[in-house]
Amino acid sequence: MTKIPASLIVSYLYSEYQPKKVSGSNELRINSPFVEDTKFHCYINPDESVYTDFKAGGGGSGSTYDFFKEILGLKGFSSIISYLIKNYGTTEQKLKFEENK
């Protein structure tokens, strides 16, 4: 499966959460969106397109596709990409998306 572009992941996280950057890596930490959390137990690596949620327990890791599918309640890669571009994409991404419809 194609990865979700890192720029869309980062834009979404900064718009919807208050992520903390992990020093020395490209990972971002957010409070778990799946369970009550105040200590940033969910790690997301936009470049690798993966996440691990240490607070959520079983099922708290995988691809960012799985993350967005669960969070947004959307099914299918194209639905998720479409939503992210429309709501969090750059002007360039939005124009390119519209051209490819």
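Visitor: In this predicted model, which residue in β3 is the bridge partner of leucine 28?

Guide: The strands β2 and β3 run antiparallel and are joined by three bridges. Leucine 28 has its bridge partner in β3, and that partner is isoleucine 44.

Visitor: Which residues touch the most other members of the largest nonpolar core, and which element gives the largest share?

Guide: The core has 19 residues, and those touching the most other members are Ile4, Tyr12, Leu13, Ile44, Phe67, Phe68 and Leu84. Two or more residues come from each of α1 (6–16), β2 (28–30), β3 (42–45), α2 (64–72) and α3 (77–88). With five residues, the largest share belongs to α3.

Visitor: Which residues of α3 are buried, and what covers them?

Guide: The helix α3 has 12 residues and reaches 16 Å from its first C-alpha to its last, close to the 16 Å expected. Its buried residues are Ile80, Ile81, Ser82, Leu84, Ile85 and Tyr88. An α-helix has 3.6 residues a turn, so residues three or four places apart point the same way. The cover over the buried residues of α3 includes α1, α2 and α4 (91–99).

Visitor: Why does serine 49 count as buried?

Guide: Serine 49 is placed in the loop between β3 and β4. Leaving aside residues up to four places away in sequence, serine 49 touches Lys3, Ile4, Ile9, Gly62, Ser63 and Thr64. Residues under 20% relative accessible area are buried. Serine 49 therefore counts as buried, because its relative accessibility is 6%.

Visitor: Which residues does isoleucine 4 touch, not counting residues up to four places away in sequence?

Guide: Isoleucine 4 is among the residues that touch the most other members of the largest nonpolar core. Beyond four places in sequence, the residues that isoleucine 4 touches are Ile9, Ser49, Thr64, Tyr65, Phe68, Phe77, Ile80, Ile81 and Leu84.

Technical notes. Residues are numbered from 1 along each chain as its sequence is written. This is a predicted model: local features need pLDDT of at least 70, side-chain atom pairs count only at pLDDT 80 or more; totals for chains, interfaces and linings use all residues. Side-chain values use heavy atoms; hydrogens and water are left out. A nonpolar core is a set of buried Ala, Val, Leu, Ile, Met, Phe, Trp, Tyr and Cys residues joined through side-chain atoms within 4.5 Å. Buried means under 20% relative accessible area, exposed over 50%, partly exposed in between (1.4 Å probe, protein chains only). Helices (H or I, at least four residues) and strands (E, at least two) are DSSP runs, numbered from the N terminus. Contact means heavy atoms within 4.5 Å. Two strands pair if DSSP finds at least two bridges between them. The expected span of a helix is 1.5 Å times one less than its number of residues.
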